[in-house]
Structures are given as structure tokens and as C-alpha cells.
Amino acid sequence: MKTRLIAIASGALLTATALTGCAAGSSENDSGIGDMAGMDHGSSSSATTTSEHNQADVTFAMDMVAHHRQAIEMSDTLLTKQGVDARVTELAQKIKAAQQPEIDTMNGWLSTWGQETGMGGMDMGGDGMMSQHDMEALENAPGAEASKVFLSQMIQHHQGAITMATTEIEKGRATDAVALAKKIVAAQTAEIETMKELLASL
């Protein structure tokens, strides 16, 4: 009888020890889940590449928006005319299609940076911008002559854009803005060569 009581007591002690171990293990597991959840929250937060910027980025975006808008205005003026060389018409349509999405992108950055959008950032005539007199010359040129005027003006306009974009590449901080500047340099350098060839053939 004494032996039986000892055995029962030993069994109860073992059971209590096992239950204590389970409880401790459960607590450790709960703690581990909490730590993992905390790690997930920390790794999920990241800033957009355009949030870190400097004044060069703001100037580039503002000025290039105004620059692009004038290029679209020039293209629209040409596209209303009859008798324009089909290759020049195609180029004007290409310029519009490329530059409007870039305007939208840059205005998005300006909004993110707390800057006003929809404002002309450049004076007429700066960095390849056409003066009012230049714009009138294009508007008044008849179809065949307008092709030449448009190409001559747009070559100058593109050269100004390349100068602006090169400054952004050298001085800008926002990754996306610098990437767009590099894209503009490549695309508009190629278009300048195309326009020179077209102009020589007219």
C-alpha cells in the first residue's frame, strides 16, 4: 500500500512538470510570433524614390513641364495644317504621345513635393523655348513651309531640353527624376538627328 501511494505521488509530480513545460513552451511561441509580426511591420515601410529630392529636382520638373507643354503646342499648331510632309506630321504626333505622359509624371512629383503644378516655370526664349514671335511664325507658315519652320524650331527646342536634363543628371537627387532626365537626353538626341535628316530632305 505504501509503495502504491509513492507511485501515485510520483506520477502526479511528473504530470505537473509536463504541464508546466507546455505552458512555458506556449508562452515562448507566442512571444516569437509577436517578434515576427513586429519585424514584418518594420520591413514593410519604405519611402518612395521621389520623396528624397532637392531644389534641382523641383526646378527640373517645373521647367520641363513648361518646356514639354510648348512642344505639344507647337505640334498641335503643325497638325492643324494642310500640305505638311507626312514624316513631319508623324514626328509631331510622336512628340505629343511621348511628352504628355511625362508632364503627368512630373506634375505628380511636384504634388508629392508640396509644389504647385500647372504653373509655367520658364520664361519664353530660355533653354530652347520659342518666343511669342517664333510661335506666330509657325502659326502663320503655310503647310510646306511650316514643315521646315517646325523642324528648325523643334531642333532648337530639343537642344534646350537636353541642356536642362543634363543639369538634372548632374545635380538632381530624386532617383526617378534623374532617370527621366537620362531618358529625355537619349530620346531627344535621337530625334534631333532624325529632324536634321528630314530638314535636309525638304
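Visitor: How do helix α5 and helix α6 pack, and at what angle?
Guide: Helix α5 (residues 143-171) and helix α6 (residues 175-201) pack at about 155°, with axes 8 Å apart. Axes here are lines fitted to C-alpha atoms over the stretch in contact, and angles run from 0 to 180 degrees between N-to-C directions. That makes α5 roughly antiparallel to α6, a label for angles over 145 degrees.

Visitor: Is that a predicted model or what am I looking at?
Guide: This is a predicted model, where local features need pLDDT of at least 70, side-chain atom pairs count only at pLDDT 80 or more, and totals for chains, interfaces and linings use all residues. Residues are numbered from 1 along each chain as its sequence is written, and side-chain values use heavy atoms, with hydrogens and water left out.

Visitor: Back to the pair: which residue classes make up the contact of α5 with α6?
Guide: The contact of α5 with α6 has 16 nonpolar, six polar and five charged residues. Nonpolar covers Ala, Val, Leu, Ile, Met, Phe, Trp, Tyr, Cys and Pro, charged covers Asp, Glu, Lys and Arg, and the others, Gly among them, are polar.

Visitor: What about Met164, buried or exposed?
Guide: Met164, found in helix α5, is buried, with a relative accessible area of 9%. Buried means under 20% and exposed over 50%, partly exposed in between (1.4 Å probe, protein chains only).

Visitor: How far is Met164 from Ala61?
Guide: Their C-alpha atoms are separated by 9.8 Å, although Met164 and Ala61 are 103 residues apart along the chain.

Visitor: And how many helices and strands overall?
Guide: Six helices and zero strands, taken as DSSP runs (H or I, at least four residues, for helices; E, at least two, for strands) numbered from the N terminus.

Key. Angles under 35 degrees count as roughly parallel, over 145 as roughly antiparallel, 65 to 115 as roughly perpendicular and the rest as oblique.
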